[in-house]
Structure formats: C-alpha cells, structure tokens
Amino acid sequence: MSEQTQNQQEPTDVAPEVEEAYPAAPEPSEALRALDRLVGTWEVTGGAPGSVTYEWMEGGYFLIQRVELEQFGQPITGFEVIGNLRPFGEAPSEHVHSRFYDSQGNTLDYVYEIDGDTLWIWALEKGHPAHFKGTFDADGDVVDGEWVYPGGGGYPSTMTRVGGE
C-alpha cells in the first residue's frame, strides 16, 4: 500500500466513551430559528435612535447583533451574541439567552422570544419586569414597541428594516 493510500484510509470507529463525551450537536432550536425574522439592518427610532444589524454566525447556532445607538444622550456601540446556552456536554437551554457587550465595558444579559408576531426581550430572565415588547407589522419590516423599566424610565422604540433579510 502506498504512503498516500495509507493516509486516506477510512477512519476507525469511535470508542463509545468518546461518543458519549462528545455527542453530536443538536440542531438549532425552533425558538432560536424564529429569530431569523430579525436578520438584516434596521433603523431604530424612539428613545434610543440609531441602527442595529442582525446576522447569523456560521453554523446557525448564534445570532449576532451589532449596535450603534444613542441612549439618554450617550453613544452606545456594541455587539450581542444570541443563542441557546449549551455548557460543554449538556443539553441546550430551554430559552434563548444573550449577552450584550458595549463600548463602555458593560455586559447585559437578556432572554429573547418571538411569540406569533410579538418580539419579547427580557432583562436577565423570561418574565423579568424590565423588558422590550414589540409587534412585527404584516410585512415583517417594522417592529413597533416599548422598553419598560420597573419604576419608570422606559421609552418607545421602533425598528424599520433598511437592508438585508
């Protein structure tokens, strides 16, 4: 057998203990795939004007949001990684979580959900009193809603798709 043929042999069977430690990745969840409606670039108006862009990371397990906004007179730039949590060797989380990183060194955690035409973004955990609730229009190109903060201070927010999909 030539050296080249030896290097092209079929791989051997994987030991059961290795397969158990490294199970095949599950498909991205339906709850995560529902966020495909966000893919593209959006102009944001209301209490934090600017633009955001959503795009899938290769593999389809994470949605990346890039943000350039102004909130309460401060420029906010950053990015957010959105997906199901899946610590090594564990099953994916029930909910779609995210972590936002901004140019001021802040990290903010959220939970995303699309229920019909309603987009929910809760701070920290599903059902948290600090949240965004918005509704997609019939074409899916406008999301009109409001950020709500406990004790007041929330604001209206509308996203209008200006590119991609």
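Residues are numbered from 1 along each chain as its sequence is written, and side-chain values use heavy atoms, with hydrogens and water left out. Since this is a predicted model, local features need pLDDT of at least 70 and side-chain atom pairs count only at pLDDT 80 or more, while totals for chains, interfaces and linings use all residues.

**Confidence and layout**

The protein chain averages a pLDDT (the predictor's confidence in each residue, from 0 to 100) of 90, and 85% of the residues score at least 70. Residues 1-9 are another story: pLDDT is below 50 there, and beyond near neighbours in sequence the stretch has two contacts in the model (contact means heavy atoms within 4.5 Å).

The chain holds three helices and ten strands, taken as DSSP runs numbered from the N terminus (helices are H or I, at least four residues; strands are E, at least two). Reading from the N terminus, the order is α-α-α-β-β-β-β-β-β-β-β-β-β. Of the contacts between residues at least 6 apart in sequence, 34% join residues at least 24 apart. Buried residues account for 31% of the 165 residues; buried means under 20% relative accessible area, exposed over 50%, and partly exposed in between, with a 1.4 Å probe and protein chains only.

**Salt bridges**

Side chains of opposite charge can pair when their charged atoms come close. Searching the whole structure turns up five salt bridges, each a side-chain nitrogen of Lys or Arg within 4 Å of a carboxyl oxygen of Asp or Glu. Among them are these:

| Pair | Closest N to O |
|---|---|
| Asp109 and Arg99 | 2.6 Å |
| Asp141 and Arg161 | 2.8 Å |

Asp109 is partly exposed at 26% relative accessible area, and Arg99 is partly exposed at 35%.

Glu113 also lies in strand β6, while Lys126 is in the loop between β7 (118-123) and β8 (131-136), so this bridge links parts 13 residues apart in sequence. Both ends are partly exposed: Glu113 has 22% and Lys126 has 39%.

Then there's Asp141, in the loop between β8 and β9 (142-148), with its partner Arg161 in strand β10 (residues 155-163), so here the parts tied together are 20 residues apart in sequence. Asp141 counts as partly exposed at 28%, whereas Arg161 is buried at 14%.
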